[in-house]
Amino acid sequence: MRRAAAVALALMALALVAPALAPAAAPAAECPRTTLGDVENEVMCPVCGTPLGLATEAPQAERERELIRRLVDDCRSKEEIKQTLVAEFGDNVLALPGDDGFDLAAYLVPALALLVGGGALAFAALGWRRARGRRDGPPGAPSAGAAASERLQADLDRYEL
Amino acid sequence: MHRSRSPFVVAAVTGVLALLALLAYGLVQSGPDDGIDTALARGELPVAPGFALERLNGEGRGSLADYRGKVVVLNFWGSWCTPCRDESPLLQRWHERISARGGTVLGVDEIDVTSDARAFVRELGLTYPMLKDTDESLRPDYGITGYPETFVVDRRGRITALRRGPVDERFMREEVLPLVEERL
């Protein structure tokens, strides 16, 4: 009888404590689902000069991975982890090129190529149109199709049925 | 007979040449600067490039200028670098040896996790001043190609010797000791 009372008391205590434990568990459920692989593809191993995912043996890369694992375990989002890496290793740790010096070429060259390519296409279209215009005769002159239909109309008028 | 070239050919050739020029410029820019090595080989003493960096222990900033008038053994290292670990006890011994005679070892931690670097310093009992170069900003100025690298700076702020790789007792005795013993 005494044992049953003790068990009942323990269950009641558990029921009281359970709601208090629930909020503590909630943040874990909200933890961003970041993995080492997510971050590895977007950051560099600064010593190796390659993306971290490709740096397999460099000791510095292994340290960087350990730091990322710690931050993942700490429930940090990918952006937060990248910010921490920038604070530790500088902007060069980001896989995207910087926006100054030679790195700027990574943005300027495609833009320039697009501009030059677009210009070349426009120029080509213009040239093609001019060439076609020359083939079809001077502007304003009736086209070959129009002359033929005029001739046809004249013939039809001559042979009134 | 003069035959005019198609504007497309001209544009394509110009584009390819421009890309090649850009590639060449990038290669030249990213290559290590061996200006200090060349100057030393010619018998010149180049002025050590100045800098101001965060202290590794987080207590403000420190600069090379703080040690003007002293002989500075400027050592670039990282806690992830095994040869750096191997040479650190030697640097610590020499720091203790020269610090009372107007000399110091000055460590610059490169591309490192701060907590790892601090643990390294604690573990090896290093007492010489340490700065942290977060983004290798000194790499181009000093032409650093790997770690560790050590530059000996005289009391006038000029580089008198360098070692690209770990230092040893002989280097310290031949390159540092005479500067410390030199009277101004």
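Which residue takes a positive phi in the hairpin of strand 1 and strand 2 of chain B? I looked, and Gly58(B) does, with phi near 85 degrees; 5 residues sit between the two strands.

**Ground rules.** I noted that this is a predicted model, where local features need pLDDT of at least 70, side-chain atom pairs count only at pLDDT 80 or more, and totals for chains, interfaces and linings use all residues. Residues are numbered from 1 along each chain as its sequence is written, while chains are lettered from A and ligands numbered from 1 in the order in which they are written.

**Confidence.** I found a mean pLDDT of 91 for chain B, with 92% of its residues at 70 or more. (pLDDT is the predictor's confidence in each residue, from 0 to 100.) The model's scores are ipTM 0.73 and pTM 0.69.

**Elements of chain B.** I got 6 helices and 7 strands. Both are DSSP runs numbered from the N terminus: H or I with at least four residues for helices, E with at least two for strands. From the N terminus, I read the order as α-α-β-β-β-α-β-α-β-α-β-β-α.

**Strand 1.** Strands pair if DSSP finds at least two bridges between them. Strand 1 also runs antiparallel to strand 5 (residues 130–133) of chain B, with 2 bridges. I traced Glu54(B) to both: its bridge partner in strand 2 is Arg61(B), and in strand 5 it stands opposite Lys132(B).

**Helix 6.** How far apart are the end C-alpha atoms of helix 6 (residues 169–181) of chain B? They are 17 Å apart, which agrees with the 18 Å that its 13 residues should span at 1.5 Å a residue. (The expected span is 1.5 Å times one less than the number of residues.) I also spotted a kink of about 30 degrees at Glu175(B), shortly before Pro178(B); the bend is the angle between axes fitted to the seven residues ending there and the seven starting there.

I listed the buried residues of helix 6 of chain B as Met172(B), Val176(B) and Leu179(B). Buried means that 20 or more other C-beta atoms, placed from the backbone, lie within 10 Å of a residue's own. Their cover includes strand 3 (71–77) and helix 3 (82–98) of chain B. Across the 184 residues of chain B, 32% count as buried.

**Touching chain A.** I found 16 residues of chain B and 17 residues of chain A in the contact, which needs C-beta atoms, placed from the backbone, within 7 Å. Helix 1 of chain B gives the largest share of chain B's side, 7 residues.

Notes: A residue is buried if 20 or more other C-beta atoms lie within 10 Å of its own, exposed if 12 or fewer, and partly exposed in between; C-beta atoms are placed from the backbone. Two residues are in contact if their C-beta atoms, placed from the backbone, lie within 7 Å.
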